[in-house]
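Please look through the model below before reading on. My notes follow as numbered points.

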Amino acid sequence: MISSPGDVASTDRKSDAELPSEIAKDLSKLEVNGISTDGDAEFGGAEARKILERQLIAKLDLRMSILIAIYILNYIDRSNVGAARLEGFEADLHLVGQQFATLLSILYVGYVIMQIPSNMFMNWVGRPSIYLPSCMIVWGVISILTGVTKNFVGALVTRFFLGFVEAPFFPGSLFLISKWYKRNEIGSRTALLFLGNIISNAFGALIASGILDDMQGKLGDAAWRWLFYIEGSLTVFVAICAFVTLPDFPHNTSWLSDEERNLAILRMLEDASTSVPDTASQSSGLWLALSDWKVWWFAVAVCGQIITLSFNLYFPTLSATMGFGTTISLLLCAPPFIFTAIFAFFYLRMSDRIGKRFIFIASSQIVGMIGFTIAMSTMNIAARYVSLFLMAQSYGGLVVLYAWMSNSFYWPASKRAVAIAIINAFSQLGNIAGSYMWPSNWGPSYRYSYGICIAASSLSIIMCWVFKEHLRSINERMESEERERGQGEKGFRYLL
């Protein structure tokens, strides 16, 4: 049985758990928006379709790869205050007490506020190729302006608005990826995107070490000010390139042929196990996401993982606890994240290939907890440096967690846009809390900080396990309903 558009409209008020079992998979004869769903005939047969699909995905991958460069700059512009702190940032702005921690946390206030309306707006306007680069130019300019601040208030204002305009990028990118790639393709693309975050920690430290070492006193400005000038200018340049590189959505991307566009749309319909177009409105998607307890449960689980990863905000400081100077401490930050970037990519590819999520998330977090335990137990230089590697690889689990998010809130697209934004926005409360978890008087061992990380990671693992078991029960119910209907072909299933 094929659901009619009216049937789908009525399911707008239902949860994701109910949708897959109510929409039977039958793509044999229906036409949707003029796109034939009669097998592969429209594309010249199965082999011709495979060739066209490979070409389409290759074209998408090439253009989407600029998101990695954007994410590197997104995170560098956000976290470069950690490097600036080692070279006079606090002294020149006369920061005292918890003011530096406040500068870190205030960014995430604007970041949280903007994410949900941003994703709803991007889904409504349908032009991410214009929207995302425009936001990028603004945050690049604000990053440059951080370099001219003279006091705490000036830095506080720039940091708040930096978070406000950086917010659209990450949830917007996840949503854009989910509009083009199938569920079994999302994982590796999410990993590649998140590599930008991880690589930024490595190359951000290397870039900062060069700027801070060579630019002191140039044109009368401190080296840390040049750090913001240079990195902000680079952001604006890449944003200009992104205007002509990024795609929009499958139905309105100008550089696709008609055949490629039809195939891109059909791929998404097939992957959602429905021939019916997504007719859910923005307000309907908002309500579906807000009223789904799974969205909030998942958000808290991700928040726990973000708290666990708060060490990243102070990574140069933690590296400096080994007793080396500024340049060496920054250079030592790079290897753990280079290793993590390689590890995270292959880790998520393995997760995609096996079709499992939870076991990979939990395993990575457990290894991270081993790193926290080592760091809080000894001041031995070699042991502490090894612990930084173990802690950093926790990002592998977070990458899988984000891929699981896109898999688990799949239909309709308007709900997925809001769910991704809610989860990412709520989880950033972990960064606000994490900004205050590493006070100087807890150093150099920071054992209390590491203890909090272990507790947060444990909570996240438990909540992910409960989420997995709930999805398992839904899968079993859908399988039972398919048997009762006599449906031969396996329909939609949640990844576990």
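1. Which side chain meets Asp258 in a salt bridge? Arg261 does, at 3.2 Å, N to O. A salt bridge here is a side-chain nitrogen of Lys or Arg within 4 Å of a carboxyl oxygen of Asp or Glu. Both residues lie in helix α12, three residues apart, about one turn of the helix. Helices are DSSP runs (H or I, at least four residues), numbered from the N terminus. Asp258 is exposed at 58% relative accessible area, whereas Arg261 counts as buried at 16%. The cut-offs are under 20% for buried and over 50% for exposed, with partly exposed in between (1.4 Å probe, protein chains only).

2. A word on the basis. This is a predicted model, in which local features need pLDDT of at least 70 and side-chain atom pairs count only at pLDDT 80 or more, while totals for chains, interfaces and linings use all residues. Residues are numbered from 1 along each chain as its sequence is written, and side-chain values use heavy atoms, with hydrogens and water left out.

3. Other salt bridges. The count comes to 18. One of them joins Arg127 and Asp248 at 2.8 Å, N to O. Arg127 lies in the loop between α6 and α7, and Asp248 in the loop between α11 and α12, so the pair ties together parts 121 residues apart in sequence. Arg127 is partly exposed, at 36% relative accessible area. Asp248 is buried, at 5%.

4. Lys415 and Asp292 also meet in a salt bridge, 2.8 Å from N to O. Lys415 sits in helix α20 (residues 413-427) and Asp292 in the loop between α13 and α14, so this pair ties together parts 123 residues apart in sequence. Lys415 and Asp292 are both buried. Separately, a network of salt bridges links Arg49, Glu53, Lys182, Glu185 and Arg267.

5. Backbone points to check. The peptide bond from Gly443 to Pro444 is cis, with omega near 0°. Pro444 lies in the loop between α21 and α22. His94 has a positive phi of about 60° although it is not a glycine. His94 is in the loop between α5 and α6 and is exposed, at 61% relative accessible area. Leu219 has a positive phi too, near 55°. Leu219 lies in the loop between α10 and α11 and counts as exposed, at 79% relative accessibility.

6. Nonpolar surface. Phe203, Leu206, Ile207, Phe324, Ile328, Leu331 and Ile381 make a nonpolar patch of about 550 Å². Patch residues have over 30% relative accessible area and no salt bridge, and nonpolar side chains (Val, Leu, Ile, Met, Phe, Trp, Tyr) are joined within 5 Å. Areas come from the Shrake-Rupley method with a 1.4 Å probe. Helices α10 (183-214) and α16 (326-354) each supply at least two of the residues. The largest share, three residues, comes from α10. Phe203 is in α10 and is partly exposed, at 42% relative accessible area.

7. Second largest pocket. A pocket is an open set of points on a 1 Å grid over the protein atoms alone, with protein on both sides within 12 Å along at least five of seven lines; lining residues have an atom within 4 Å of a point. The volume is about 440 Å³, taken as the space filled by probe spheres set on the points. The lining has 21 residues, with Arg183, Lys490, Arg493, Tyr494 and Leu495 nearest the centre. Helix α22 (447-485) gives the largest share, four residues. By class, the lining has four nonpolar, five polar and twelve charged residues. Asp, Glu, Lys and Arg count as charged; Ala, Val, Leu, Ile, Met, Phe, Trp, Tyr, Cys and Pro as nonpolar; the others, Gly among them, as polar.

8. Cavities. A cavity is a set of grid points where a 1.4 Å probe fits but cannot get out. There are seven of 30 Å³ or more. By class, the lining of the largest cavity has ten nonpolar, seven polar and one charged residues.

Definitions and conventions:
Patches are made of residues with over 30% relative accessible area and no salt bridge: like charges are joined within 9 Å, nonpolar side chains (Val, Leu, Ile, Met, Phe, Trp, Tyr) within 5 Å.
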